[in-house]
Amino acid sequence: MTRIITYGTFDTFHWAHMLLLQRARAMGDWLGVGLSTDAFNAIKGKQTCLPYEQRKQILSGVKYVDLIFPENNWQQKRDDILKYHADIFVMGDDWRGKFDDLNDICQVVYLPRTPDICSTEIKKILSKTK
């Protein structure tokens with residue numbers, strides 16, 4: 001069994017999120033998602049539209065996702081990979097090179113982002129409609 005792990009905020013869930021999760025899951029038999037908590041997003045300087053529990057509920061409806069667990073800090077990734085026996089760590093290619101230090105315990109894969117869609121742009125559009 002090949003186990004995949006990825007992380008994200010998954011705020012304003014959209015088609016590109018679905019594609020990322022679908023492509024990640026296609027690499028293996030199991031996909032675990034570390035979902036950034038509200039507290040961790042605050043540390044990162046991010047404001048979400050939806051609180052953690054609502055984002056988690058949306059992710060739980062995605063057929064590609066087998067497990068959702070809280071992401072509380074940057075340092076936990078190594079421990080999570082070992083805890084969940086992940087074979088492959090997947091992130092969007094805007095993170096290229098940032099997690100290469102994990103190559104000693106699993107394969108690190110950076111997937112291309114879906115062009116022309118991102119949560120930041122969606123948030124900008126939504127803020128203009130208020």
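This report describes the salt bridges of a predicted model, together with the setting of one lysine.

Local features need pLDDT of at least 70 and side-chain atom pairs count only at pLDDT 80 or more, whereas totals for chains, interfaces and linings use all residues. Residues are numbered from 1 along each chain as its sequence is written, and side-chain values use heavy atoms, with hydrogens and water left out.

A salt bridge is taken as a side-chain nitrogen of Lys or Arg within 4 Å of a carboxyl oxygen of Asp or Glu, and by this rule the count comes to 6.

| Salt bridge | Closest N to O distance |
|---|---|
| Lysine 77 and glutamate 71 | 2.5 Å |
| Aspartate 101 and arginine 78 | 3.9 Å |

Helices (H or I, at least four residues) and strands (E, at least two) are DSSP runs, numbered from the N terminus. Arg78, Asp101 and Asp104 are linked in a network of salt bridges.

Accessibility is classed by relative accessible area (buried under 20%, exposed over 50%, partly exposed in between; 1.4 Å probe, protein chains only). Lysine 77 and glutamate 71 are both buried, while arginine 78 is partly exposed at 28% and aspartate 104 is exposed at 57%.

Lysine 63, in the loop between helix H3 (52–60) and strand S3 (67–71), counts as exposed at 69% relative accessibility.
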